[in-house]
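We will go from stop to stop, selecting a few residues at a time.

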Amino acid sequence: MASTSRTPTRRGRGRGRGGRGDGSSSLPPPPSTLPLIIEEFFIVVYEDPLVKKALPKKFADYLDGQEPAKVYLRAADCGPRLWTVEVLFDGQGRMYLDKGWENFAIAHGVDFGCFVHFKYEGDDVLTVKVFDGTMCRKYYYSDDEDTDDESDDDVKPCIHPL
């Protein structure tokens, strides 16, 4: 009995893993060549929740030297109000939420152990979600009809439904 050797044959033309048949690869480029997009990040409140808060250095780097004097915080699901918060830069690439942060933190129950999630919406606007120490999100709603003429000095908390 003669042994037959089987030579593997290719079926299809260049359509193996990730191939599109045109000789190019559909694999994504390596991470070092992808553009840096930092749209979302969080901070954990380990210290006094009412003092200035450092934002991640990667987010400050993402702003690419724009260094806004202010950002506008919007609590997710808490109406259209924008909270004006001054921003400080320390000259070493660190960015801090400063004046105005305290009012936002009081109004939204930011406390020790909270996770505060930020999503950059562009135009210096950050949408914020606050998670308590049990890792559950705090949901709020606003009872304000018109908040455009309110001063940020008037801390009017969102209401946490029970």
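How many bridges join strand β3 to β7? Select residues 70-75 for β3 and residues 125-131 for β7: four bridges join the two strands, which run parallel. Strands here are DSSP E runs of at least two residues, helices are H or I runs of at least four, and both are numbered from the N terminus. Two strands count as paired if DSSP finds at least two bridges between them.

A word on the model before moving on: it is predicted, so local features need pLDDT of at least 70 and side-chain atom pairs count only at pLDDT 80 or more, while totals for chains, interfaces and linings use all residues. Residues are numbered from 1 along each chain as its sequence is written, and side-chain values use heavy atoms, with hydrogens and water left out.

**Stop one: around β7**

Stay with β7 and show R74, which stands opposite T127 in β7. Five of the seven residues of β7 are buried, where buried means under 20% relative accessible area, exposed over 50%, and partly exposed in between (1.4 Å probe, protein chains only).

**Stop two: β1**

β1 pairs with β6 in the antiparallel sense over five bridges, with V44 opposite F115 in β6. Which residues of β1 are on its covered face, and which on its uncovered one? F41 and I43 are on the covered face, whereas E40, F42 and V44 are on the uncovered one. In a regular strand, side chains alternate between the two faces of the sheet.

Centre the view on W101. Leaving aside residues up to four places away in sequence, W101 touches P49, L50, V51, K53, L73, V85, V110, V116 and F118, a contact being heavy atoms within 4.5 Å.

**Stop four: the salt bridges**

The whole structure holds three salt bridges, each defined as a side-chain nitrogen of Lys or Arg within 4 Å of a carboxyl oxygen of Asp or Glu.

- K53 bridges to E47, with the closest N and O atoms 3.8 Å apart. K53 is buried at 4% relative accessible area, while E47 is partly exposed at 45%.
- Next, select D61 and K57, whose side chains meet at 3.2 Å, N to O. They are four residues apart in helix α1, so about one helical turn separates them.
- Finish at D77 and R137, where the closest N and O atoms are 2.7 Å apart. D77 lies in the loop between β3 and β4 and R137 in the segment after β7, so this pair ties together parts 60 residues apart in sequence. R137 counts as buried, at 17% relative accessibility.
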